[in-house]
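Trainee: Here is the model I would like to go through. Could you answer some questions on it?

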Amino acid sequence: MYEYVCAPWFVVFLCLCVLYILNQHALLCNIQIVSVNDDNGVVTIDSSQGSSNSSPTTTIDSNEYLKNMMDKKLLAQFNQSIINPEDYQIKFSLRPFQAELQNIFAVPVPGLTRDIVEEKKYLKGAIYRLHNAYDENGFDENYFDLVTEFAKEVGYSKRTVIAEASVKCKEFFQVKDKNTGQVIQGMEDDCEEEEVIHLARFEVVTDEAERGERVIGAWKLIDVDDLLEGNVFH
């Protein structure tokens with residue numbers, strides 16, 4: 001395993017894990033993205049403190065920053081809550097302290113990307129067709145005919161890389177009824193943080209430059225804790 005103190009996917013996960021955990025407790029509906037603080041690597045939300053940001057607030061639906069960092073299928077999961085957050089006080093803290101790269105691989109079909117498959121639905125499952133062809137007769141003429149067929153549709157220049165990382169965190173989560181002050185979900189005030197491990201799945205598309213170098217695009221978070229069962233597109 002490899003440990004990272006600061007890597008692009010780790011920073012993204014640090015920010016977005018907050019949204020994921022709140023969504024798991026059905027509390028993200030209509031919550032505006034405010035009052036989120038990052039202090040020495042600890043991300044905290046305390047709805048009782050209000051926001052010191054005087055700029056207009058942004059909802060999850062209209063936040064372009066989140067859209068650029070997360071796949072749209074994952075982001076859509078954060079808009080399914082039915083609880084009105086105005087009735088509750090939410091406290092949450094997240095302190096990631098260790099990250100390990102679990103797996104990284106390139107999708108073995110050159111040119112195949114999530115955007116292309118969304119545009120050309122019949123390409124979904126291309127990797128399994130190649131696997132089946134290989135299982136039947138190895139790298140025979142049929143196998144390379146399939147590769148050539150896919151290449152005609154998507155080209156050779158782009159490659160999709162997928163990485164999975166586990167992140168150990170110390171977390172505190174609490175929801176109180178604003179009217180009664182009673183804890184209705186999560187931990188009591190005197191509870192200590194709990195150690196939790198989350199699994200994050202990321203994706204990036206690389207492209208070939210003029211001199212053959214690979215140009216790396218922007219990493220996107222495509223799944224957390226198998227919420228979308230890997231969010232596989234290929």
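Trainee: Is arginine 201 buried or exposed?

Mentor: This is a predicted model, in which local features need pLDDT of at least 70 and side-chain atom pairs count only at pLDDT 80 or more, while totals for chains, interfaces and linings use all residues. Residues are numbered from 1 along each chain as its sequence is written, and side-chain values use heavy atoms, with hydrogens and water left out. Buried means under 20% relative accessible area, exposed over 50%, and partly exposed in between (1.4 Å probe, protein chains only). Arginine 201 has a relative accessible area of 11%, so arginine 201 is buried.

Trainee: Which side chain joins that of arginine 201 in a polar contact of 2.5 Å?

Mentor: A polar contact is a pair of N or O atoms within 3.5 Å; within protein, one must be able to donate a hydrogen and the other to accept it, and residues adjacent in sequence count only if both atoms are side-chain atoms. The arginine 201 side chain also reaches the backbone oxygen of glycine 230, at 2.9 Å. The side-chain partner at 2.5 Å is glutamate 164.

Trainee: Where does glutamate 195 lie, and what is its relative accessible area?

Mentor: Strands (E, at least two residues) and helices (H or I, at least four) are DSSP runs, numbered from the N terminus. Glutamate 195 touches Phe97, Lys168, Cys169 and Lys170, leaving aside residues up to four places away in sequence, where contact means heavy atoms within 4.5 Å. Glutamate 195 is partly exposed, because its relative accessible area is 48%.

Trainee: Why is phenylalanine 139 called exposed?

Mentor: Nonpolar side chains tend to be buried together in soluble globular proteins. Phenylalanine 139 lies in the loop between α5 (126-137) and α6 (141-154). Phenylalanine 139 counts as exposed because its relative accessible area is 54%.
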